[in-house]
Amino acid sequence: MEKIWLKSYPEGVPAEVDVREFSSLKDVLEKSCERYRDLPAFTNMGRTLTYADLDRMSAAFGAYLQGEVGLSKGDRVALMMPNLLQYPVAMFGALRVGMTVVNVNPLYTARELRHQLQDSGAKLIVVLENFAHTVEEALGKNPGIHVVTTRIGDLLEFPAGLIANLAVKYLKRLVPAWEIAHAVELPRILSGSRQTLIDVAITPDDMAFLQYTGGTTGVPKGAVLTHGNMVANLIQTAAWIGRNLEEGAETVVTPLPLYHVFSLTANLLTFFKLGAHNILITNPRNIEGFIKELKKIPFTAITGVNTLFNALLNAPGIGEINATALKIAVGGGMAVQRAVAERWQQSFGVPLIEGYGLTETSPIVCANPLDIREYTGSIGLPLPSTEVSIRDDGIALPPGQIGEICVRGPQVMKGYWNKPEETAKVLTADGWLRTGDMGFMDEKGFVRLVDRKKDMILVSGFNVYPNEIEDVVMTHPGVLEAAAISVPDDRSGESVRLVVVKKDPALSAEDLVEHCRKSLAGYKVPKGVVFRSAPLPKTNVGKILRRVIREEELAAGAMPELASR
């Protein structure tokens, strides 16, 4: 196929990259820690780890996993925490001994967590103590999994030089406060730092992450992302932005959670390769605290979602931030709105660059050139070593015609974990990933997204799937029919609206929202509930037509939250 987008590439960006530059993420870790040894790697809540600190700490945790816990190459290790210094240490500690990281949203309910742990077969979970109650409820009295807990302040209490016994100092293997069978037999993490790390050979085909996504069906699936996938995408991303940056001299702000694949690759891994100083923001929803952090240090790069940039622009004190050093601002995870992009550039003199990606592509597929000076609405050009084809039933379409966006490249996942039938639905025999997203490519190779996956709802950059919400709602005895749809939301881009036919006339919107809160993470809980007296529209085989319902709701105009009609 003709790669028409190459004619639009910025000067200095290669058409292809050497994805064999690193053999694995372990190789990335070791080379960066050696090259940038004395430079700051991560800062959070006033505490900084150098690359040398991270090297020693992750080795101690890796040795603990190997020696005391007895885990082996390929075993799954779940991480359930916000952006803390503990995250990169635990993540690299697991990866460098050949284990697979399973990222878990700390806001998950026990039901959601239970499914992910069971499906992945995780043998150990590292959890921030604040969320230990969810682990307790999910695991019950016979967990069959090792539990490591950590506290917000665990790394803040100790000077940088006192890391010889790191493992016990900040990742504390505790007998949980709840009753778990055999918990007393769990060894403490103390001995982890006393053992020698056993070197493990890791190949590009070895699994690095099981990154969960709802996919196109709404059924939670683990995308198998290999070391080769992740290395390829960080090299592709670094090639796209690297000409604007200086190795060992950049400071990137990371407000998006590292358990989200966009933040994981774009912030943690890519900037780690470049020897950057990464400022981890634990709670970006606290805008006042976030701005306070931004005032502390000159930063050269920041990533986020549209709603976060919008919140910053509207916050008191934003004008006090010294952003004269800022080189790059990237919006991902959801569409960047024109009003936000234009206000950002007016305020900081740097464009807000939009990109596109999926969990299944590690995740970045396209990005706009960094020197673009006006909002285009495009999701950009395919990254180096990436092919994008707009297709209709497998047939490539010419520029300007709308079809399904299909992707081929070294960053495309190996498949879905233990789901060959689901894998076959999205991966073709010749390596193309069918994204389920509709769009077109213009004559210059820029891709424009027309519509997202058919029914998916995107709340502040997080995928929400109607099937899951409806399954929970239909367990309420007062519900006869239900449909979960997306509606525009000024704060989160989109929000969930629930359209319900009652079985019990006394059922209230508040009842349903409370029912959902028991089983769904906060961003999945419906923000509005509408009751209808007539049956919901359906296909001739009885399938509820969400698209029609959404059109009807939007035609009805703006409605107050928890409305009834």
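**Figure 1. Helix H2 and the glycine that follows.** Directly after H2, glycine 70 adopts a positive phi of about 85°. The model is predicted: local features require pLDDT of at least 70 and side-chain atom pairs pLDDT 80 or more, while totals for chains, interfaces and linings use all residues. Residues are numbered from 1 along each chain as its sequence is written, and side-chain values use heavy atoms, without hydrogens and water. Helices (H or I, at least four residues) and strands (E, at least two) are DSSP runs numbered from the N terminus. H2 covers residues 51-69, and its 19 residues should span 27 Å at 1.5 Å a residue; the end C-alpha atoms lie 26 Å apart, which agrees. The expected span is 1.5 Å times one less than the number of residues. Of the 19 residues of H2, 17 are buried (under 20% relative accessible area, with exposed over 50% and partly exposed in between; 1.4 Å probe, protein chains only).

**Figure 2. A stacked aromatic pair.** The whole structure contains 10 aromatic pairs (rings of Phe, Tyr and Trp, the last by its six-membered ring, with centres within 6.5 Å; planes under 30 degrees apart are stacked, over 60 edge-to-face, the rest tilted). Phenylalanine 42 and phenylalanine 272 are stacked, at 6.2 Å centre to centre with 20° between the planes. This pair joins strand S1 (residues 40-44) to helix H8 (residues 261-273), 230 residues apart in the chain. Both phenylalanine 42 and phenylalanine 272 are buried. One aromatic cluster comprises Tyr36, Phe42, Tyr51, Phe92 and Phe272.

**Figure 3. Charged groups over aromatic rings.** The charged end of arginine 391 is placed over the ring of tryptophan 432, 4.4 Å from its centre. Lysine 502 lies over the face of phenylalanine 531, with 4.4 Å to the ring centre. The criterion is NZ of Lys or CZ of Arg within 6 Å of the ring centre and within 35 degrees of the ring normal.

**Figure 4. The second largest pocket.** Its volume is about 1200 Å³, taken as the space filled by probe spheres set on grid points joined across faces, edges and corners. A pocket is an open set of points on a 1 Å grid over the protein atoms alone, where a 1.4 Å probe fits, with protein on both sides within 12 Å along at least five of seven lines; lining residues have an atom within 4 Å of a point. Among the 42 lining residues, Leu107, Arg285, Ser460, Phe462 and Tyr523 are the closest to the centre. Helix H10 contributes the most to this lining, with four residues.
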